[in-house]
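Here is my note for your reading of the model. Keep the sequence and the 3D view open beside it.

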Amino acid sequence: MAQVEAPAAPAKAAPKTPRRAIESGVPDNTPFLHPLMKKNYGNWKYHDRPRPGVLHHVAHSGDELWTVKAGTQRQMDVWTIRKLCEIIDKFGEGQVRFTIRSNVEIGVSKREKVEPLINALESAGFPVGGTGNSVSMIAHTQGWLHCDIPGTDASGAVKALMDDLIVEFKREEMPNRVHLSTSCCEINCGGQADIAIIVQHTKPPKINHDLVANVCERPAVVARCPVAAIRPALVNGKPSLEVDEKKCICCGACYPPCPPMQINDPEHSKLAIWVGGKNSNARGKPTFMKMVASGLPNNPPRWPEVSEVVTRILRVYKDDARSWERMADWIERIGWPRFFEKTGLTFTKYLIDDWRGSRGSLNASTHIRF
Ligand code: SF4
Ligand code: SF4
């Protein structure tokens with residue numbers, strides 16, 4: 001009988017390198033710091049501002065660093081970025097840092113480099129400023145260019161407004177720093193600011209019932225509504241959704257997961273102005289902003305009604321606030337009735353959030369219970 005050989009044992013696989021977790025948090029910023037900033041990190045003796053738009057840091061080691069701050073239009077084409085990089089390479093030292101407000105900060109190690117760098121930036125259209133008690137560049141959300149749910153173009157409103165405020169960006173003549181922000185929907189980015197421009201939907205969504213069944217995950221849309229105003233419904237024999245318009249607070253949260261629930265409207269999507277917000281706890285506690293003007297027309301390409309209200313508030317704040325009072329501190333000192341009196345803005349019932357009806361609406365949702 002022929003001998004059957006046992007099959008050879010499979011070769012042992014080489015041990016694999018364990019897969020490393022992919023860190024997707026905030027990236028390490030140290031490779032992007034100016035070498036002097038890195039070298040003296042946490043070891044600064046003092047810092048000052050020789051002129052608006054320039055920061056000067058002096059380290060215990062004796063090193064000095066000048067940082068020139070300039071505004072950009074945030075959403076830049078490749079030619080503009082190249083132009084900026086050429087200036088940074090030629091007049092700076094090849095280092096740049098973008099701030100959350102779309103400014104650039106360019107560090108140089110010699111005082112003599114500051115003026116030529118400022119001249120090059122200004123002549124290429126990048127205004128130098130935004131430091132200290134200035135009106136800083138507006139923190140703006142993405143708008144139509146980069147997001148799927150905006151009700152307005154944040155970048156356009158920012159450009160129009162900063163054209164009016166460029167002098168205040170380049171000077172440090174406000175009582176304290178002024179942070180502005182825009183939000184192009186009611187629900188997501190943006191944040192607390194001294195003055196914020198926020199889109200405001202005033203009508204419930206209009207539903208295109210022919211598309212809902214093919215495009216929307218109906219349970220997800222129903223769950224998304226913060227006041228439980230959306231119900232599944234059969235319309236013309238097709239599965240769709242319906243909105244209880246008495247409950248709907250026109251927040252727009254159903255539109256992102258279900259575009260057939262169109263809420264953007266050239267006439268009924270408005271803009272509102274909010275004031276007195278502050279994120280930091282420097283010198284005073286953080287504060288929430290409050291709405292002071294509502295129903296302003298969403299009027300591209302220059303949004304003159306919005307610019308008029310914002311510049312009016314800034315003018316009164318500049319004249320009336322004491323040194324170092326932020327917008328919220330000033331309003332708290334003079335009181336809300338005086339704020340409306342001085343700014344000439346009209347106080348209406350639409351500015352009051354009295355939560356009337358919230359027991360019937362919020363309590364019906366899975367999100368908030370009381
Ligand atoms: S504010 Fe809203 S619409 Fe604008 S970018 Fe953020 S998520 Fe998108
Ligand atoms: S998610 Fe907002 S806009 Fe949509 S139905 Fe509910 S309350 Fe109205």
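1. Ground rules. This is a predicted model, in which local features need pLDDT of at least 70, side-chain atom pairs count only at pLDDT 80 or more, and totals for chains, interfaces and linings use all residues. Residues are numbered from 1 along each chain as its sequence is written, chains are lettered from A and ligands numbered from 1 in the order in which they are written, and side-chain values use heavy atoms, with hydrogens and water left out.

2. Strand 5. Start with residues 103-108. Helices (H or I, at least four residues) and strands (E, at least two) are DSSP runs, numbered from the N terminus. Six of the six residues of strand 5 are buried, so the rest of the structure largely encloses this strand. Buried means under 20% relative accessible area, exposed means over 50%, and partly exposed lies in between (1.4 Å probe, protein chains only). Asn103, Glu105 and Gly107 point one way. Val104, Ile106 and Val108 point the other way.

3. Partners of strand 5. Two strands pair if DSSP finds at least two bridges between them. Strand 3 (residues 64-71) runs antiparallel to strand 5, with six bridges joining the two. Here alanine 70 stands opposite valine 104. Strand 4 (residues 97-98) is also antiparallel to strand 5, over two bridges. Valine 104 is the bridge partner of phenylalanine 98. Strands 4 and 5 form a hairpin with four residues between them. Look at serine 102 in that turn: its phi is positive, about 65°.

4. Ligand 1. Which cavity holds ligand 1? Ligand 1 sits in the second largest cavity. A cavity is a set of points, on a 1 Å grid over the protein atoms alone, where a 1.4 Å probe fits but cannot get out. A molecule sits in one if more than half of its atoms lie within 2 Å of its grid points. The residues around ligand 1 include Cys147, Cys184, Cys185 and Cys189. Around means that a heavy atom of the residue lies within 4 Å. The shell has six nonpolar, four polar and no charged residues. Ala, Val, Leu, Ile, Met, Phe, Trp, Tyr, Cys and Pro count as nonpolar, Asp, Glu, Lys and Arg as charged, and the others, Gly among them, as polar.

5. Ligand 2. Ligand 2 takes the space of the largest cavity. It is surrounded by 14 residues, and the closest are Cys225, Cys248, Cys251, Gly252 and Cys254. By class, 13 are nonpolar, one is polar and none is charged.

6. Histidine 140. Is histidine 140 buried or exposed? Its relative accessibility is 8%, so histidine 140 counts as buried. Histidine 140 lies in strand 6 (residues 139-140). Leaving aside neighbours within four places in sequence, its contacts (heavy atoms within 4.5 Å) include Gln73, Arg74 and Thr182.

7. Backbone points to check. Proline 300 and proline 301 are joined by a cis peptide bond, with omega about 5°. Proline 301 lies in the loop between strand 14 (290-296) and helix 7 (304-320). Asparagine 236 has a positive phi, near 50°, and is not a glycine. At 75% relative accessibility, asparagine 236 counts as exposed. Tryptophan 324 also is not a glycine, and its positive phi is about 75°. Tryptophan 324 sits in the loop between helix 7 and helix 8 (327-334), and counts as exposed at 52%.

Technical notes
On a 1 Å grid over the protein atoms alone, a cavity is a set of points where a 1.4 Å probe fits but cannot get out, and a pocket is an open set with protein on both sides within 12 Å along at least five of seven lines; lining residues have an atom within 4 Å of a point.
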